[in-house]
Amino acid sequence: MRRALILVIDGWGAGFLGCYGNSWLDTPALDQWACQSVLFEQCLSECPDPLQLYPHLLDGSHPLGIDSPDGPLGVLAEADIPVHLLSDDPRLAQLRETTRLTSVETFPEVADMAAETAEETTLARFAGVLLDWLEEPAREEVIWAHARGMQGPWDAPYSYRESFADEEDPAPPSLVQPPFERENREFDSDHVLGITQAYAGQITVLDMLLGELLATIEELPIDEQPLVVLTSTGGYPLGLHGQIGREEESPVRLYSDTLHVPLLIRQPGAKEGLTRLQGLAQLGDILPTVVRSFGLELPCSENLDLLHVRLAESREWVLSGLGNQRCFRTTHWSLRYHLPDEETPLEDLDLEQIVTELFVKPDDRWEINNIADRCKNIAEIGLKAALAIELAYRRDEPYPELPEELSSPVE
């Protein structure tokens with residue numbers, strides 16, 4: 001009996017897992033997930049706003065493009081496989097009217113306040129619903145579970161964040177609401193440290209709960225174990241690039257701390273566990289992968305079945321966008337820029353008026369060293385390529401080939 005669980009933790013960046021290279025924050029349960037999963041080193045979110053992202057993920061299109069009526073949700077519907085969205089984010093209730101989801105259930109809101117124990121946190125209540133689902137008789141269905149995660153209350157017991165503080169550190173902040181701050185200068189280091197410790201406390205709770213989820217799955221017969229996808233819509237900036245946090249009214253700046261997200265896929269019986277793939281993945285690949293796991297086929301799509309492709313050979317770039325911001329990522333480069341407005345046709349833009357930032361990948365993980373002035377040719381070629389790709393998205397036309405200069409590492 002095939003079934004699938006897609007678990008999305010908002011505000012969860014790839015930099016906060018031991019299996020993605022974090023050496024100061026212990027995440028033993030997530031490391032165990034990695035041992036039993038296919039892990040994608042370079043998964044990028046096409047848009048960190050779930051309200052903009054989800055309708056496109058569900059119909060197989062790109063957030064910068066046009067809708068696709070024959071996407072993965074339609075394929076599952078034709079096969080009578082329901083797709084249910086569960087969320088503690090009340091904003092997602094509007095997806096009942098704008099998508100072909102079988103059902104959308106949002107949990108009743110509760111007061112955001114610090115919890116005395118991990119079992120009383122918002123994440124624990126969310127995990128409890130998934131544990132109940134796992135105990136139900138298996139049936140063919142897809143559960144898309146979206147937790148506010150780090151965008152929800154930071155309600156882990158205060159002792160969790162204290163555990164990350166050394167004796168000489170200031171006391172961590174007692175905040176419960178996720179912070180949002182923006183500066184055009186560096187933040188005070190002690191301030192960032194305290195917020196990072198509070199964030200790490202939330203990750204600790206998440207790790208504990210995912211450990212319970214994994215233990216429950218392992219106890220099931222293999223033919224009743226779901227395919228499980230762990231990921232996020234976008235990370236949570238913690239002081240880099242002049243920003244702390246994300247807020248609806250202030251579009252987050254698109255750098256790797258926001259766009260680089262975890263992606264782990266655990267197959268029943270931990271098939272192909274301990275596999276790490278280096279190519280570029282994107283969130284739009286998730287549902288096509290799930291569709292294929294049910295033995296179904298998709299019409300021709302740019303999105304990939306991540307479990308049955310040679311990823312490094314199948315995708316050369318990912319284009320992300322939010323508002324007027326864009327981030328164009330290839331294997332070796334990351335280019336960031338703003339469109340001047342949303343009205344001017346892309347083909348009429350004055351490219352000399354667009355300021356670019358360019359970073360070497362994968363070496364510059366946090367995108368600190370902007371080399372656009374030193375590699376003007378790469379920045380110019382990258383901008384033209386990104387605009388041509390976005391134009392193809394908007395017109396639903398074939399994508400242009402990636403220029404050879406963008407396929408080569410920095411010399």
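Q: Why does Glu390 count as buried?

A: This is a predicted model. Burial is read from relative accessibility, and buried means under 20%. Glu390 has 1% relative accessibility, so Glu390 counts as buried.

Q: Which residue forms a salt bridge with Glu390?

A: Arg394 does. The closest N and O atoms of this pair are 2.9 Å apart. A salt bridge needs such atoms within 4 Å.

Q: Where do Glu390 and Arg394 lie?

A: Both are in helix α11, residues 376-395. They sit 4 residues apart, about one turn of the helix.

Q: Which residue pairs with Arg336 in a salt bridge?

A: Glu357, with the closest N and O atoms 2.8 Å apart. This pair links distant parts of the chain. Arg336 is in strand β14 (residues 333-338), and Glu357 is in strand β15 (residues 356-360). The two are 21 residues apart.

Q: Are Arg336 and Glu357 buried or exposed?

A: Both are buried.

Q: What about Arg310 and Glu313: buried or exposed?

A: Both are exposed. They too form a salt bridge, with 3.1 Å between the closest N and O atoms.

Q: Which residues are linked in a network of salt bridges?

A: Glu136, Arg139 and Glu141 are linked this way.

Q: How many salt bridges does the count come to?

A: The count is 16 salt bridges.

Technical notes: Residues are numbered from 1 along each chain as its sequence is written. This is a predicted model: local features need pLDDT of at least 70, side-chain atom pairs count only at pLDDT 80 or more; totals for chains, interfaces and linings use all residues. Side-chain values use heavy atoms; hydrogens and water are left out. A salt bridge is a side-chain nitrogen of Lys or Arg within 4 Å of a carboxyl oxygen of Asp or Glu. Buried means under 20% relative accessible area, exposed over 50%, partly exposed in between (1.4 Å probe, protein chains only).
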